[in-house]
Amino acid sequence: MTPLSGSMVPRLARGMRLTEDRTRGRLVIQAPERLFVPDETAVHVLQLIDGARTLDQVIDELAQRFAAPRGEIATDVQEMLADLMERRVVVA
Amino acid sequence: MTPPPPIGLLAELTHRCPLRCPYCSNPLDLVRGSDELSAAEWTRLFHEAAELGVLQVHLSGGEPAARRDLPEIVAGAHAAGLYTNLITSGVTLDEAGVRELARAGLDHVQLSVQDSEHTSADRIGGLPGGHVRKMAFAAAVAALDLALTLNAVVHKQNLDRLDEMIALALRLGADRLEIAHVQYHGWALANRDALLPSRAQLDAATALVARVREELRGRLVIDYVIPDYHAVRPKPCMGGWGQQVIVVTPRGRALPCHAAESLPGLTFENVRHSGLRAIWYESASFNRYRGTDWMQPPCRDCENAERDWGGCRCQAHALTGDAAATDPVCDLSPRHALVQAAVVRADASARAFVYRQFGNAPATVDA
């Protein structure tokens with residue numbers, strides 16, 4: 001996998017909406033005729049992806065929030081984003 | 001066991017449609033415009049649905065834009081907090097119309113196409129000039145940066161141009177392409193001989209999709225499933241009877257599947273008179289084929305029982321005469337030969353079909 005550039009600015013693709021599913025007590029990504037149910041880690045990432053922060057800023061923020069080594073966080077976030085971009089949930 | 005709350009609401013706003021596609025999923029007995037639910041009734045229903053756990057509403061028809069109050073209906077769905085999907089032929093909406101819908105809160109547009117080029121597309125859709133209007137509509141959607149899925153409905157008369165339909169999706173800037181094999185209910189069943197593709201055609205299409213999907217990864221999402229008549233196992237129709245989706249007809253009848261009115265011995269509640277929650281959890285119709293208790297062998301003892309839910313009840317009834325039978329699409333069904341025979345017969349048949357329009361239903365449908 002080619003690492004994603006730290007300066008890219010990821011955002012949810014058009015037609016994707018991160019919303020609260022109150023009935024089932026979870027956050028979901030509403031997508032055209034489908035639904036993605038992100039795990040807890042993905043939710044943290046998705047909430048920071050706002051079309052303004054760069055990937056580096058997202059990683060910094062998470063590393064700080066969880067007091068975790070930046071390298072580990074970076075690997076996790078990169079992998080997750082690459083997968084979401086392949087499925088066109090996230091674009092940059 | 002308590003069923004899960006529903007995820008989706010398929011709102012059939014009207015049966016009116018300027019197109020006359022011979023594979024329409026609407027019933028042969030089409031509803032006229034005068035008796036349709038009002039925008040206020042739909043809005044009330046959307047709030048009930050959201051309360052019940054529905055997340056997405058699919059505004060369908062007929063052609064939903066045949067209703068002049070469509071913006072009001074979209075606004076109602078949006079206000080209820082639902083993800084709002086418009087399933088349209090695209091032939092009646094101009095740019096101002098699309099903009100009004102986007103402003104009302106529309107999240108996504110699914111545009112159907114009948115073929116990659118206008119001569120064949122207009123013949124299949126039964127509307128001269130229709131394909132060109134669809135292209136203009138797609139441009140208007142793109143200009144507003146609305147999410148767009150192209151829905152290419154495929155069958156034996158256009159499947160050989162699937163590569164061109166994929167190219168069309170890219171050209172129109174679609175985010176997603178749904179390659180939808182015709183499902184043989186209603187009008188499509190009546191026209192099955194003219195539409196059902198051959199095995200060779202299907203295999204070529206499937207190979208093409210596998211190749212192109214890889215090439216277009218990250219650019220275009222392609223949805224494609226092997227169609228029933230060439231499959232080994234049936235699909236979980238609507239995700240299972242009363243498991244995920246509620247269909248509401250133009251007149252307000254709540255159905256577990258859009259063809260459910262074709263089943264004998266079932267009465268369907270109307271959302272004008274009954275609450276959606278009571279319909280979903282308590283009605284005899286939604287409980288009739290819910291879960292696995294109703295199943296007969298081979299479904300009853302099958303490890304796939306809760307995966308495909310025995311397939312489609314309407315298809316089982318239409319083909320075998322027994323709504324509780326295993327969907328004959330399944331090769332474990334004792335009636336599977338019916339499906340194989342249909343493929344053989346379609347291979348030898350001509351291309352003539354009956355257009356879907358009021359008063360044009362064939363008197364009898366030979367399954």
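This is a predicted model: local features need pLDDT of at least 70, side-chain atom pairs count only at pLDDT 80 or more; totals for chains, interfaces and linings use all residues.
Two residues are said to be in contact here if their C-beta atoms, placed from the backbone, lie within 7 Å. By that rule, 18 residues of chain B are in contact with 16 residues of chain A.

Residues are numbered from 1 along each chain as its sequence is written, while chains are lettered from A and ligands numbered from 1 in the order in which they are written.

**Chain B as a whole**

Chain B holds 14 helices and nine strands. Its radius of gyration is 20 Å, close to the 21 Å that the globule rule gives for 367 residues, so chain B is as compact as a globular protein of that length. (The radius is taken over C-alpha atoms, and the rule is 2.2 Å times the number of residues to the power 0.38.) Along the principal axes, the C-alpha atoms of chain B fill a box of roughly 55 × 50 × 45 Å. Of the contacts in chain B with a separation of 6 or more, 72% join residues 24 or more positions apart. Buried residues make up 49% of the 367 in this chain; a residue is buried if 20 or more other C-beta atoms lie within 10 Å of its own, exposed if 12 or fewer, and partly exposed in between.

**The sheets**

The nine strands of the chain B sheet follow the order 7-6-5-4-3-2-1-8-9, in an open arrangement with mixed pairing; two strands pair if DSSP finds at least two bridges between them. Strand 7 (221–224) and strand 9 (254–255) of chain B each have a single partner strand, so one side of each is left without a neighbour in the sheet. Further in, strand 5 and strand 6 (residues 176–181) of chain B pair in the parallel sense over six bridges, with B:Ala180 in strand 6 as the bridge partner of B:Val153. Helix 5 (residues 130–143) of chain B lies across strand 4 (108–113) and strand 5 of that chain, running at about 160° to strand 4. Axes are lines fitted to C-alpha atoms, for helices over the stretch in contact, and angles run from 0 to 180 degrees between N-to-C directions.

Chain A has an open sheet of three strands in the order 2-3-4, with antiparallel pairing. Its edge strands are strand 2 (17–21) and strand 4 (34–36), and neighbouring strands are turned by 40° against each other on average, direction ignored. Strand 3 (residues 26–31) and strand 4 of chain A pair over three bridges, and A:Arg34 in strand 4 is the bridge partner of A:Ala31.

**The cores**

A nonpolar core is a set of buried Ala, Val, Leu, Ile, Met, Phe, Trp, Tyr and Cys residues joined through C-beta atoms within 7 Å. The largest one has 105 residues, and B:Phe46, B:Val57 and B:Leu148 are among those that touch the most other members. Strand 5 (residues 147–154) of chain B supplies the largest share of this core, six residues. Apart from it lies another core, of 17 residues, including A:Val45 and A:Ile73.

**Backbone features worth a look**

Most residues other than glycine have a negative phi, and most peptide bonds are trans. The table gathers some departures from this pattern.

| Site | Feature | Value |
|---|---|---|
| B:Gly61 to B:Gly62 | cis peptide bond | omega near 10° |
| B:Pro297 to B:Pro298 | cis peptide bond | omega near 0° |
| A:Arg88 | positive phi | phi near 60° |
| B:Met238 | positive phi | phi near 55° |

B:Gly62 lies in the loop between strand 2 (56–60) and helix 2 (70–79) of chain B, and B:Pro298 in the loop between helix 11 (284–288) and helix 12 (305–308). A:Arg88 counts as buried, with 21 C-beta neighbours inside 10 Å, and B:Met238 counts as buried with 24.

How values were computed: Helices (H or I, at least four residues) and strands (E, at least two) are DSSP runs, numbered from the N terminus.
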